[in-house]
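Here's a quick briefing on the charged side-chain pairs in this protein. Have a look at the structure first, then we'll go through them.

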Amino acid sequence: MPCSDCPLVSIIIPVYNKIEYTWNCLKSLAKNLSRDIPVEIIVVDDASIDQTAKILEKVEGLILIRNLNNMGFLRSCNQAISKANGEYICLLNNDTEIYPNWLESLVEVLKSNDRVGAVGSKLVYPSGILQEAGGIIWSDATGCNYGRNSNPNAPEYNYLRPVDYCSGASLLVRNSIFKANNGFDRLFAPAYYEDTDLCFFIRHNLGLNVVYQPKSQVIHYEGATSGTDMTCGVKSYQTINATKFAKKWQKVLEDCFENNPFNLSPASRRLIGEQTILVIDSYVPQYDKESGSKRLFQLIEIFKRLNFHIIFAPDNCFPEQPYTSDLQELGVEVLYICESYCTPLEKQIESRLELLNFAWICRPELNKKYTPLLRQNPSIKIIYDTVDLHYVRLRRAWELMPEDIHKATAKRLWQQMQVLELEMAEQADLVVTVSQDEQELLIQQSTSPIAVIPNIHKFYPGAKPPFDLRTDILFIGSYNHPPNVDAVTWLCKSIMPLVWEALPEVKVTLLGSNPPQEVQRLASGRVSIIGYVRDINPYFLNHRVFVAPLRYGAGMKGKVGQSLEYGLPIVSTSIGIEGMGLTHEQNALVADTVSDFAKQILRLYKNRDLWEHLAQNSESTIACFSMESTQKSLESLFRQLDNKIVLVGENNFEIGLECTIARDNKDRSVQTNIRSRPKSFPKLLSESLILNFFSDTQLKSNGLVLDFPYYEVESLGEYKDYEQKMERTFQKRRQLEKLLSLSGKPFKFKGYHFLLNKYVDYEVDFNYSYLDFEGVRLPNFRETCVCSESKLNNRLRGLLRLINYKGLWNLLTKGNVYMTECITPFYQYLIDLNPYMVGSEFLGEAIPLGSQKDGVRNEDITNLSFSDSMFDVLISNDILEHVPSYNKAYAEVYRVLKPGGYLFLTVPFDSNRQEHLIRATVNQDGSINHIEPPEYHGNPLNLDEGILCFQIFGWQLLDELKEAGFQSAKTVFYWSYLHGFLGDNLAIVYAKK
């Protein structure tokens, strides 16, 4: 047997008879113990009467203690402990057999964490079934072997975690703790509860943890030495000592769960974190291979610091190593599927829903997949981590594509991705971006709270070689990411030939995992394709220039931050430095063309002063991306998500609302850009939602014309699906609209106007207002939310945005356009954009169609005077509800449009109806038959008179347009607070001939 004069670990095995078990135990030690850990093995023979003494005397290296009289398990252990020389003492039953890595994994826990006092193993039956994955103590002092008779490969039994106790059958304890406690408490002699009492002493008297280590695995022949009958022999002391234990630890047991099978899961997790967060990504984070994985791994480390229990669910279900083990060693519960454990991932998540407080879901497609499942528990706060804005990356790639048949497909892909990302943002409780640039981009398009959690960087602390000792150019990136493949191709084929003209000896090193053939073909005498390396330090410390020639992409580029960590100066494109706050010639060189990029490489490669200037600024540049600053941000975000605020008070302010936030029994006041609410209408809102909606930081433009999605729907059934999917979003929107409207008086709010490309005041009054089902008076936002500068209301601005969104702006401003109005402000607005636009009003049958009176053209939409196929675009705003023979209007509109022409139509539209609501009809004698109480809308020709509304349209409208010949007809819905589009079910119909 291994035996060291200076042992790190003293393995203590108490025995009484059963030599066959003892022999097998020693054989497994001889076979599986690592020689890297110095040990001594002490066997205490408690006066055995079989062949134990005779056989053990012949085992070399064994330290054998023989008791003349049977002293019992506890005293035998204490005797051996008093003679042990190891820094750690390992108690091991003689009816066990160890697996490889049994001791190493236990020792590693104590060596790496001085807050752990004892660590125990996973115990399995000889059949392979789980016996114990740590122990639970109930409030009545009875115990439970967690996981007993379960699958030992199930994820819940395979991560490092603190426990009430671990069985003394295999338990590693610091020797200093045994000395502090004088061994096991003799109160529990001869046996039972001594290990549990020790674990309670460690936790509650010393303030240290007792943890379960699943990597340390032993077979335990339970009951082989003491039997299983609790009414006789030594086993009877299990009941006796339970009473003693209950008395000794009475106060502590009050915090334990009651002995109830429904408490098994929460009891097993009561020590692992104050709250639980589920993290979902495509796969287990490969932190040494890609920037996104490194960031996520670091976030998980921060979640642990914040005392979260973390459950990680990789969408591919694969427990890739060593990354899965690394997470489990952090105490992360990793879900997976393997040959010996096949429960579907969704089922695993579903079984844990009641445990979850938060869900951090990466990427839009995973949010779409898992959000419906998580919403089964409405208390879970869902955080959507964009990682980067995918649609921005896809759009930039599309912009670089040549004009061919693939470009149209690429455009649809990025537009579809934009819709998906914004849809997921609306459904989340919090959206996380990696950069302020993307936060501002989303703020223009989403109502959800949006926070920035960037990449995390730490400056390299070691020595860094100077300029003269460095050579060559470095790039790093995962080549599973298409922008990196494009970047190195552009670098080697376009940029470097210009550099090599001046510096032919300079070489390029390409690091990164999974280089495809396209990248490998770049290899030459001047270009080295290294691929993945675990230790990147030599490369960053010996190269002179780092390059990030990214022509497209999104988010924050980890490679740039990584280079700054090493103080290695950078040449990058503008896209490459996004989100880092870098300035040309201050902390990087920036170039976006082939010639300029080559020029900047040559400058940096040759100019020592410039190189040293950039290198010296690196540390201060990444200081704001530290682990500590990110932890503070996350702590604040989780606190905000976890709290609710109640708005109170009736004081009206010209600009703000005074409200009280009740949190942890403390009150504080905040000012927000909304008016006071009456006490009669109390409502709970998340603090982060309020502060995000009305933060002044939202009212800063980054100079871009920003899109938000229109949701296109073709039928009532599709709409019902859309309505169900957007239910939470609708609730948030209605909350906001009620808050804005609380005073019942006209109000203003700021928003972005896409045509003016700036922020403007949107003015809302209460003309045509109505009471909602809670008795709150709301404006008719569709008609009375008006831009203070353009004077266009919600409905009209929405129509123009749709035309622009569909890529038809040039057709509107330069094509042949007809509008069924010509004396309205909207017509006057558009005629300035397109002087050749034709407009008309219906002046009556007495005036010939197509003629003019006082400069106003007379047209009847059911009998237009125009030639066939005359117009590219036809716009009709709130006209058809006043036309009893609306089917004739469809035919006329179709006739005068060119093939491929568009009809844009606004009408009163009931999105919950299939059939139209007919309010009135015209009898054969010309009289009106009122089916519903008469309803009159505004008349631009006579402001003192109204026009009768004959029908409210339902989804039947789209079917009728298709029957009239249109190849497609859709209703689009839109809403955006920051673009001034408020109101329920804002809808526009468009059809293509």
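A salt bridge here means a side-chain nitrogen of Lys or Arg within 4 Å of a carboxyl oxygen of Asp or Glu. Going by that rule, this predicted model has 42 salt bridges. Three of them are picked out below.

**Arg 270 and Asp 164**
- The closest N and O atoms of Arg 270 and Asp 164 sit 2.7 Å apart, giving a salt bridge.
- Arg 270 is in the loop between α9 (264-268) and β13 (275-281), while Asp 164 is in the loop between β10 (161-162) and β11 (170-174), so the pair ties together parts 106 residues apart in sequence.
- Arg 270 is partly exposed at 25% relative accessibility, whereas Asp 164 is buried at 4%.

**Asp 197 and Lys 248**
- Asp 197 and Lys 248 make a salt bridge, with 2.8 Å between the closest N and O atoms.
- Asp 197 belongs to helix α6 (residues 194-205) and Lys 248 to helix α7 (residues 237-248), so this pair links parts that are 51 residues apart in sequence.
- Asp 197 is buried, with a relative accessible area of 1%, but Lys 248 is partly exposed at 38% relative accessibility.

**Glu 333 and Arg 352**
- For the salt bridge between Glu 333 and Arg 352, the closest N and O atoms are 2.9 Å apart.
- Glu 333 lies in strand β15 (residues 333-334) and Arg 352 in the loop between α12 (345-350) and β16 (358-362), so parts 19 residues apart in sequence get tied together.
- Both Glu 333 and Arg 352 are buried.

Methods: Residues numbered from 1 in each chain as written. Predicted model: local features only at pLDDT ≥ 70, side-chain atom pairs only at ≥ 80, totals over all residues. Heavy atoms only, no water. Helix = DSSP H or I, 4+ residues; strand = E, 2+ residues; numbered from the N terminus. Buried < 20%, exposed > 50% of the residue type's maximum accessible area, 1.4 Å probe, protein only.
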